[in-house]
Amino acid sequence: MSNKVAFISGATGGIGFQVAKRLGQDGYTVILNGIEDAKGAERLAELKEAGIEAEYHGFDVTDEHAVTAAITAVGEKYGKIDVVVNNAGGLGGRSPIEGMETDFFRKVMALNLDSAFFVSRAAIPFLKKSDNASIINFTSNAAWNAGGPGAGIYGTSKAAVHTLTRALAKELAPASIRVNAVSPGTIDTPFHAQIKETKPEVFASWANSIMLGRLGQPEEVASAISFLVSKDASFITAETLQIGGGQALGI
């Protein structure tokens with residue numbers, strides 16, 4: 001059994017699964033979370049076939065009681081947690097703020113902010129038992145530019161995650177727990193599958209707004225996280241790393 005343990009939320013597809021795969025290759029026992037149990041079982045089998053030690057825990061990261069129960073079970077089983085990657089999140093839909101339903105507002109904030117808070121809070125006692133503990137949160141360009149049409153609350157939630165990252169970094173520094181965030185640009189994942197299939201010209205045009213002239217790959221986000229949680233990054237905390245090929249600057 002590996003002596004390093006990493007928990008990744010929203011890890012049954014896209015960036016989250018590539019992060020799980022990479023950390024598994026780095027020697028971690030990876031704990032995958034998701035809400036699609038059939039997909040979770042497939043991903044678990046894929047990791048184990050690659051020789052990676054892994055578990056799947058199906059629960060909704062916006063349910064604080066489910067989060068606390070699952071994280072506590074993992075922490076008690078392994079005696080510690082070394083890495084938490086708060087990857088779960090999403091747009092949740094689009095709506096202008098004028099006329100926005102309160103339930104929609106709550107849903108988007110819960111998906112992006114509450115989830116990171118619930119997981120981090122539950123994991124802290126077990127992170128304190130690690131000799132190289134890290135939390136990685138996911139923010140977005142939308143945290144700075146307030147998002148595209150109808151994505152203002154998504155941007156607001158991601159801006160809150162940016163500040164939560166810094167708050168956790170301040171609070172946990174005395175325990176030598178590092179807290180950083182990544183801010184991926186446009187990454188070629190199933191998240192964009194619908195527009196890729198229905199409007200390929202729009203999808204192709206996105207590369208024009210990226211300085212490096214292409215979309216990112218999930219593996220490129222995973223490799224950055226691999227570095228951030230490693231001892232090579234032992235003096236890096238409270239930072240947000242843009243992984244967007246220069247997209248945040250615009251061209």
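This note sets out numbered points on the structure shown above.

1. The model is predicted: local features need pLDDT of at least 70 and side-chain atom pairs count only at pLDDT 80 or more, while totals for chains, interfaces and linings use all residues. Residues are numbered from 1 along each chain as its sequence is written, and side-chain values use heavy atoms, with hydrogens and water left out.

2. The UniProt record, an unreviewed entry, places the feature "domain: Ketoreductase" at residues 4-185. UniProt positions follow the numbering used here, feature names are shortened, and annotations may be inferred rather than shown by experiment. Residues 4-185 are 50% helix and 18% strand, and the end C-alpha atoms of the span lie 29 Å apart. Helices (H or I, at least four residues) and strands (E, at least two) are DSSP runs, numbered from the N terminus.

3. Helix H3 (residues 64-78) has 15 residues and reaches 21 Å from its first C-alpha to its last, close to the 21 Å expected at 1.5 Å a residue (1.5 Å times one less than the number of residues). Val67, Ala70, Ile71, Val74, Gly75 and Tyr78 of H3 are buried. Seen down the axis of H3, these buried residues fall within an arc of 130°, so they line one face of the helix; the arc is that of the directions from the helix axis to the C-beta atoms. Buried means under 20% relative accessible area, exposed over 50%, and partly exposed in between (1.4 Å probe, protein chains only).

4. The buried residues of H3 pack against strands S1 (4-8), S2 (28-34) and S3 (54-58) and against helix H4 (102-127). The face turned away from the buried side carries the exposed residues His65, Glu76 and Lys77. After H3 comes Gly79, with a positive phi near 85°.

5. Seven salt bridges are found in the whole structure, each a side-chain nitrogen of Lys or Arg within 4 Å of a carboxyl oxygen of Asp or Glu. Among them, Lys80 pairs with Asp82 (3.2 Å, N to O), and both residues are buried. Asp26 pairs with Arg22 (3.3 Å, N to O); Asp26 is partly exposed at 28% relative accessibility, and Arg22 is partly exposed at 29%.

6. Ala238 lies in the loop between helix H9 (218-228) and strand S7 (240-243) and is partly exposed, with a relative accessible area of 26%. Leaving aside neighbours within four places in sequence, Ala238 is in contact with Arg166, Ala169, Val179 and Asn180 (heavy atoms within 4.5 Å).
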